[in-house]
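Let's take a friendly walk through a protein model together. Have the 3D view ready so that you can find each residue as we go.

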2 protein chains.
Amino acid sequence: MLFSLTMLPPIAIGKLMGDPELSNFWWGFGIVLVVGFLLWLPFKGCKNELRLRDGYLIAVLFWVGLSVAATIPLSLSTNFEINLASAFFETVSGFTTTGASVIVGIDSLPRSINFYRLELHWLGGMGMIVLAVAILPMLGIGGMQLYKAEAPGPVKDSKLTPRITETARLLWYVYLALTILGIGLFLLGGMSWFDAVCHAFSAVSTGGFSTHDSSLSYFNNAFIDYSAIFLMIMGGVSFTLHFTVMHHKSIRFYWQDSEFKLYLFIMLLVCSICILVLMQNSVYPDFLTTLRYASFQVVSIMTSTGLLTTDFSVWPTLLPVLLVFVSFVGGCAGSTGGGLKVIRFLLLMKQGWREVNILTHPRAHTHIKINGEPVPEGVTRSVWGFFAMYVAVFAIFMLGMMAAGHDQVTAFSAVAAALNNMGVGLGTVSSNFSGLDDFTKWWLSFAMLMGRLELFTILVLFSPAFWRK
Amino acid sequence: MLFSLTMLPPIAIGKLMGDPELSNFWWGFGIVLVVGFLLWLPFKGCKNELRLRDGYLIAVLFWVGLSVAATIPLSLSTNFEINLASAFFETVSGFTTTGASVIVGIDSLPRSINFYRLELHWLGGMGMIVLAVAILPMLGIGGMQLYKAEAPGPVKDSKLTPRITETARLLWYVYLALTILGIGLFLLGGMSWFDAVCHAFSAVSTGGFSTHDSSLSYFNNAFIDYSAIFLMIMGGVSFTLHFTVMHHKSIRFYWQDSEFKLYLFIMLLVCSICILVLMQNSVYPDFLTTLRYASFQVVSIMTSTGLLTTDFSVWPTLLPVLLVFVSFVGGCAGSTGGGLKVIRFLLLMKQGWREVNILTHPRAHTHIKINGEPVPEGVTRSVWGFFAMYVAVFAIFMLGMMAAGHDQVTAFSAVAAALNNMGVGLGTVSSNFSGLDDFTKWWLSFAMLMGRLELFTILVLFSPAFWRK
Ligand SMILES: [K+]
Ligand SMILES: [K+]
């Protein structure tokens with residue numbers, strides 16, 4: 001079972017070999033292949049069924065282990081100077097589809113390195129889909145047991161291994177289709193093949209790396225901007241939902257999904273606020289320009305992509321902080337997006353409203369419903385707990401940043417950028433994370449992993465109950 | 001029933017008449033007396049038992065109504081210029097024991113006005129004790145139904161009216177005793193009678209107004225500082241617990257209370273962090289000075305008093321934000337302190353830890369216990385809901401502040417100061433709130449009332465279910 005996991009990095013890097021001619025990638029390939037083989041040996045004979053505990057270990061090992069492995073080619077690179085903290089930060093940022101970069105001068109990087117960074121995004125997105133659809137529901141983190149029975153496809157037996165494989169295969173087709181669509185759109189918009197592939201990877205995985213320091217504003221092309229908006233919105237939607245729509249060839253299924261509707265509603269609402277404030281302050285010359293920049297940044301931040309067409313951190317008054325707040329809502333569950341996830345936000349709102357009503361009618365037993373189905377109490381409790389833990393973890397990471405000497409705005413936004421896997425900050429990290437010291441880079445790398453693994457996957461490892469028996 | 005409530009302001013102001021010779025207080029006395037009488041007339045015949053809904057209305061009317069009434073003397077004052085927004089802010093800040101002031105030049109204010117400001121604190125503290133011990137448990141806000149059966153005193157029948165009166169009477173004796181002790185301590189420390197009374201009011205009610213612009217640092221006296229620390233700690237403890245200790249003449253009861261122990265533990269922990277960081281940065285010349293200033297500010301902020309002996313907003317790195325975070329924990333339930341309350345924080349921690357354990361052992365049914373008693377699931381859910389609502393309300397108030405053009409540090413800390421009834425901010429509000437525009441003053445006044453009334457008391461008024469039938 002663990003075999004496929006330990007063998008993934010060589011495959012990933014092996015595939016990549018077609019592109020670069022650099023020894024660092026060959027070294028990376030070799031080291032990972034040997035280490036992976038050595039790790040695989042003791043598990044050779046195991047064909048056991050997955051237990052609950054293994055789910056956590058796989059998820060953590062997948063992201064942490066692969067991040068460490070994927071750091072090798074960057075560290076060994078002779079084309080540019082990068083220390084270990086920066087290389088690890090960049091790799092984790094890639095794998096967790098955060099997209100915060102510590103490299104300045106991206107335009108002049110070797111193409112192999114740039115392709116590698118974007119490929120990490122794309123692989124991270126694939127990993128996230130499996131994590132969200134197959135592993136998190138099994139673990140039941142933060143109410144995700146809701147999705148336990150929902151995995152698509154013909155295989156629905158009780159054995160987990162074949163179901164994960166089958167689910168993953170089907171959803172990766174969807175992911176691949178979206179990526180190809182993205183490449184086509186970007187080519188139409190006038191990008192080179194290389195840029196089109198890289199930015200399709202970045203948008204569909206809601207990653208946010210670019211091949212240019214100035215991100216998507218390098219192209220300054222409205223068609224490209226709107227194409228990216230479409231791809232990011234798609235990347236932030238549950239891939240199970242995409243599959244259902246494709247399978248039944250009917251977009252009706254989008255409109256039957258409460259999470260999807262709220263996702264679009266929040267985007268439209270925040271976009272309207274941004275347009276209003278921007279127009280009132282005459283930031284852009286006309287309405288269409290305002291619409292283009294506002295809708296791009298709102299979609300990019302809410303889906304936790306973090307591509308930029310303008311520097312929103314200097315937008316007037318409440319907008320920068322409003323956008324950072326919106327990144328906490330994030331994408332839909334089962335997508336590549338980060339944040340709390342829209343479904344949890346929906347449950348929190350419904351639960352909060354129920355608490356208000358219970359106060360005046362204590363004996364009324366109202367049940368919360370999602371898509372017409374009542375939500376079990378266990379899910380309700382898990383979602384409350386997840387939210388509270390998110391706030392607590394956020395506060396701890398922010399205090400850590402401030403202890404390292406960063407100002408409040410930087411600390412607040414950098415932690416939001418990392419924990420929500422969004423990748424864009426305010427203050428000194430509004431365009432790039434390269435100004436940070438090494439401690440902060442490690443600290444934020446940890447925050448990105450925490451965010452991607454939905455906190456609890458890592459927190460349970462600290463619980464004595466996990467290791468008992 | 002409502003009679004006593006509408007008649008409270010004239011009594012409050014009437015008592016005050018011994019001190020000032022100013023027409024504005026006589027006008028205030030007259031207007032409130034007449035309006036109170038007119039409001040009382042339609043309810044003359046009512047002797048109905050309190051219903052749940054009345055609890056909310058009483059609580060809201062008490063704070064909002066009395067704040068409006070108490071604004072009159074300040075507005076009518078001819079001795080100094082103050083507009084309506086500032087007068088209302090100052091009054092609400094007094095009544096909610098927030099202690100944020102918009103008046104500069106407090107030292108030269110007429111004594112009647114200063115005494116009046118501090119008396120508002122003291123009355124607000126009395127009101128808070130009744131609210132927390134008698135009304136909130138009945139309403140069951142945020143888990144406070146835990147305290148339903150705990151009201152002290154001999155009268156324990158099911159009729160609410162005599163129980164509230166009796167409970168209030170007993171706890172007010174405790175409050176009065178602490179105040180007298182405080183006056184004595186401050187006199188010993190060398191304060192004038194006037195200053196001693198005012199600052200005892202301020203410390204015991206965890207209010208934070210002072211009779212000097214420079215707050216308690218005006219006296220620069222270690223004995224006064226440590227006396228204030230003692231009084232603030234006492235003010236932040238449940239008055240029911242104080243009563244139990246006094247009744248049984250044994251401080252053993254303090255150590256049997258989980259909330260009290262956690263309250264002291266957090267104080268000691270944060271204090272240690274502050275001392276370490278301050279020593280490392282050599283902010284104060286020696287350990288004793290560091291201990292004095294650090295312990296004072298930690299106790300003052302955590303109990304949500306907000307008296308100052310130093311400008312902690314310029315302390316190094318993480319300390320200012322750490323202290324603002326600690327003010328979210330606040331005092332114990334049933335005290336005059338603000339914030340989330342220690343008991344809710346304790347429940348949140350225990351519940352969060354349980355969620356982590358449930359993930360690895362889904363079938364284990366563990367119950368949370370407080371003081372050895374299992375906590376009902378309804379309480380657990382209420383506490384989760386309260387916390388989430390607190391975060392949501394905080395975010396909305398902060399965005400409102402930023403829409404009014406304030407920077408992020410000011411918005412964050414001013415809303416924390418208001419919502420937690422703490423009264424001290426960072427950024428442009430680090431010493432005084434006088435620089436704010438009128439919109440912000442109204443906005444923060446609303447936040448102070450929301451915080452004091454534990455959010456839900458006001459939120460239910462917006463629920464259709466509240467007004468139905
Ligand atoms: K991202
Ligand atoms: K206060």
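The report below looks at an annotated site, a metal ion and some aromatic rings.

## A predicted model

Keep in mind that this is a predicted model.

## The annotated binding site in chain A

An unreviewed UniProt entry carries the annotation "binding site" for A:T97, A:T98, A:G207, A:T305, A:N421 and A:M422. These residues are spread over 326 residues of sequence, yet they cluster in space, with a largest C-alpha distance of 8.1 Å.

Look in the loop between α7 (193-204) and α8 (222-235) of chain A. A:G207 has 0% relative accessibility, so it counts as buried. Leaving out residues up to four places away in sequence, A:G207 touches several others, including A:T97, A:T98, A:T305 and A:M422.

Now move to A:M422, in the loop between α16 (408-419) and α17 (438-452) of chain A. A:M422 counts as buried because its relative accessibility is 1%. Beyond its neighbours within four places in sequence, its contacts include A:T98, A:G207, A:I301 and A:S327.

## A potassium ion in chain B

Which protein atoms are the donors of the potassium ion (ligand 2)? They are the O atoms of B:T97, B:T98, B:T206, B:G207, B:S304, B:T305, B:N421 and B:M422, which lie 2.4 to 3.1 Å from the ion. Along the sequence, the spacing of these donor residues reads T-T-x107-T-G-x96-S-T-x115-N-M.

B:T305 is in the loop between α12 (287-302) and α13 (319-329) of chain B, while B:M422 is in the loop between α16 (408-419) and α17 (438-452), so this pair ties together parts 117 residues apart in sequence. B:T305 and B:M422 are both buried.

## Aromatic rings

Over all chains, the whole structure holds 43 aromatic pairs. One of them joins A:F386 and A:Y390 in a tilted arrangement, 5.8 Å centre to centre with 35° between the planes. These two sit four residues apart in helix α15 (residues 377-403) of chain A, so about one helical turn separates them. Both A:F386 and A:Y390 are buried. They also belong to one aromatic cluster, together with A:F325, A:F328, A:F394, A:F412 and A:F456.

Notes: Residues are numbered from 1 along each chain as its sequence is written. Chains are lettered from A and ligands numbered from 1 in the order in which they are written. This is a predicted model: local features need pLDDT of at least 70, side-chain atom pairs count only at pLDDT 80 or more; totals for chains, interfaces and linings use all residues. Side-chain values use heavy atoms; hydrogens and water are left out. UniProt positions are given in the numbering used here, feature names are shortened, and annotations may be inferred rather than shown by experiment. Buried means under 20% relative accessible area, exposed over 50%, partly exposed in between (1.4 Å probe, protein chains only). Contact means heavy atoms within 4.5 Å. Donors are N, O and S atoms within 2.8 Å of the metal (3.2 Å for Na, K and Ca); water is not among the atoms, so sites may look incomplete. Rings of Phe, Tyr and Trp (its six-membered ring) pair if their centres lie within 6.5 Å; planes under 30 degrees apart count as stacked, over 60 as edge-to-face and the rest as tilted.
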